[in-house]
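Here are my notes on the model. Please read them with the structure open.

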Amino acid sequence: MALDLRQKLCRHQELKPIVDLAVQLHSGVKYGQSDMLDHVLRVADTVYMATGGDLRLTKAALVHKAFEGKRINGGKALSLEAVEDLVGEGPALAAFELQSYDDKTD
């Protein structure tokens, strides 16, 4: 599933570097019965579809687990500033809020 969603999201050139980052951060990290990359890509695809293709919010969804060390290869969480540098201030703040919401619904 991750490969299909990765290819789908990468059709948008603007999303490709953020998808690649998600792959780098989350590949192979266990998440329940699945893995973190599958989760992140599913959330991003859901956000993309629900918002009519809003790329800013989709970027936020792709990095929403970047703040949690236990969800990242190597365990080093990204700072809000690092995420802002990657996706912009608005999407970074949305990602931070989405991560907080997602933690409550897992």
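1. Start with His64, which sits in the loop between α4 and α5. Helices here are DSSP runs (H or I, at least four residues), numbered from the N terminus. His64 counts as buried because its relative accessibility is 0%; buried means under 20% relative accessible area, with a 1.4 Å probe and protein chains only. Its side chain reaches the backbone oxygen of Ala61 at 2.7 Å.

2. A word on the basis. This is a predicted model, where local features need pLDDT of at least 70, side-chain atom pairs count only at pLDDT 80 or more, and totals for chains, interfaces and linings use all residues. Residues are numbered from 1 along each chain as its sequence is written, and side-chain values use heavy atoms, leaving out hydrogens and water.

3. Lys65 lies in the loop between α4 (55–62) and α5 (80–87). Is Lys65 buried or exposed? Lys65 counts as buried, because its relative accessibility is 0%.

4. Now the helix pair. The axes of α3 (residues 36–50) and α4 come within 8 Å and cross at roughly 165°. Axes are lines fitted to C-alpha atoms over the stretch in contact, with angles from 0 to 180 degrees between N-to-C directions. The pair is therefore roughly antiparallel (over 145 degrees).

5. Which residues of α3 meet α4? Val40, Leu41, Val43, Ala44, Val47 and Tyr48 do; in α4, their partners are Leu55, Leu57, Thr58, Ala61 and Leu62. Contact means heavy atoms within 4.5 Å.

Notes. Helices (H or I, at least four residues) and strands (E, at least two) are DSSP runs, numbered from the N terminus. Buried means under 20% relative accessible area, exposed over 50%, partly exposed in between (1.4 Å probe, protein chains only). Angles under 35 degrees count as roughly parallel, over 145 as roughly antiparallel, 65 to 115 as roughly perpendicular and the rest as oblique. A polar contact is a pair of N or O atoms within 3.5 Å; within protein, one must be able to donate a hydrogen and the other to accept it, and residues adjacent in sequence count only if both atoms are side-chain atoms.
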